[in-house]
Amino acid sequence: MKLYYHPLSTYSQKVLLALYEKGIEVEREVVNMMNPQKVEEYRNIYPLGRIPFLQVTDDHVIPESSIIIEYLEGHHQSGTKLITDGVDASRQVRFIDRMMDQYLLDPIGTLFFSSMKPEEQRDHERLDKMRFYLDVTYQHLNERFGENTWIMGEQFTMADCAAIPGLFYAPNIYPYNDYPNIQKYVERAKDRQSHRQLMEEVKPALEAWENAQK
Ligand SMILES: N[C@@H](CCC(=O)N[C@@H](CS)C(=O)NCC(=O)O)C(=O)O
């Protein structure tokens, strides 16, 4: 199996967390999304040009972070069970995972990429909507973490794999300072082995990216 990804991409981090939680090793290839020529080459592998993307075999490929995790969960019994058993419990995990994608990761990504554009090119109406989504999401997560250790309760799931990368970038993009339960959750997440493994790759990549911006 080969994963196409980038260590700084939130959706790639979501899959990396799942791989680490499950103790699954895959071949990897970093796609440099900042290099138009590399992206063009990558479109020969995945025409939509998005990451992450899992190549299981030559004729079996899986795009979309949640679907990749579904595949990993379905084919590997090892490590953390990321999708809870049962029709209703598994649907709840998928529901919150989807909400994290749409109302946490996407808004954080939109705000970040917009901040790199000149002021006059920013779509302020859209950015206000993203901030609104984040306000609602933070409020909701803060309430959940009043009682839950992880998003779904005591079990760490795919929904946590989705939320953690968004919350990792949030302090520099749209901070959650007013939400103490989210802050405690992020500290718990940092204590997990999967997060430490993730940071081994993310931190040097982030430093290299920050230096390149200077
Ligand atoms: N729904 C997709 C979203 C993937 C996504 O947006 N990936 C970003 C990087 S974090 C990307 O490939 N952006 C490049 C583009 O949109 O062309 C998933 O869950 O995998």
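This text walks through a predicted model, from its ligand site to its nonpolar core and then to one residue of a helix.

Start at the ligand. Nine residues form its surroundings: S9, T10, Y11, M33, R50, I51, P52, E64 and S65. By class, this shell holds four nonpolar, three polar and two charged residues.

R50 places a polar side-chain atom 3.1 Å from a ligand oxygen atom. On its own, the ligand has 500 Å² of accessible area, and the protein covers 72% of that.

Next, turn to the interior. In soluble globular proteins, nonpolar side chains tend to be buried together. Here the largest nonpolar core has 56 residues. Within this core, Y138, I151, I182 and Y185 touch the most other members. Helix α6, residues 158-173, supplies the largest share, with nine residues. Both domains contribute: domain 1 (2-81) and domain 2 (87-195) each give at least three residues to this core.

Finally, find Q139. This residue sits in helix α5, which spans residues 124-147. Is Q139 buried, exposed or partly exposed? Its relative accessibility is 42%, so Q139 counts as partly exposed. The limits for that class are 20% and 50%. Compare its position with that of Y174. Along the sequence, Q139 and Y174 are 35 residues apart. In space, their C-alpha atoms are 13 Å apart.

How values were computed:
Residues numbered from 1 in each chain as written. Predicted model: local features only at pLDDT ≥ 70, side-chain atom pairs only at ≥ 80, totals over all residues. Heavy atoms only, no water. Near = heavy atom within 4 Å. Polar contact = N/O pair within 3.5 Å; in protein donor to acceptor, adjacent residues only side chain to side chain. Areas by Shrake-Rupley, 256 points an atom, 1.4 Å probe, with all protein chains shown as cover. Nonpolar A, V, L, I, M, F, W, Y, C, P; charged D, E, K, R; others polar. Core = buried A, V, L, I, M, F, W, Y, C linked by side-chain atoms within 4.5 Å. Buried < 20%, exposed > 50% of the residue type's maximum accessible area, 1.4 Å probe, protein only. Helix = DSSP H or I, 4+ residues; strand = E, 2+ residues; numbered from the N terminus. Domains from an automatic or database assignment.
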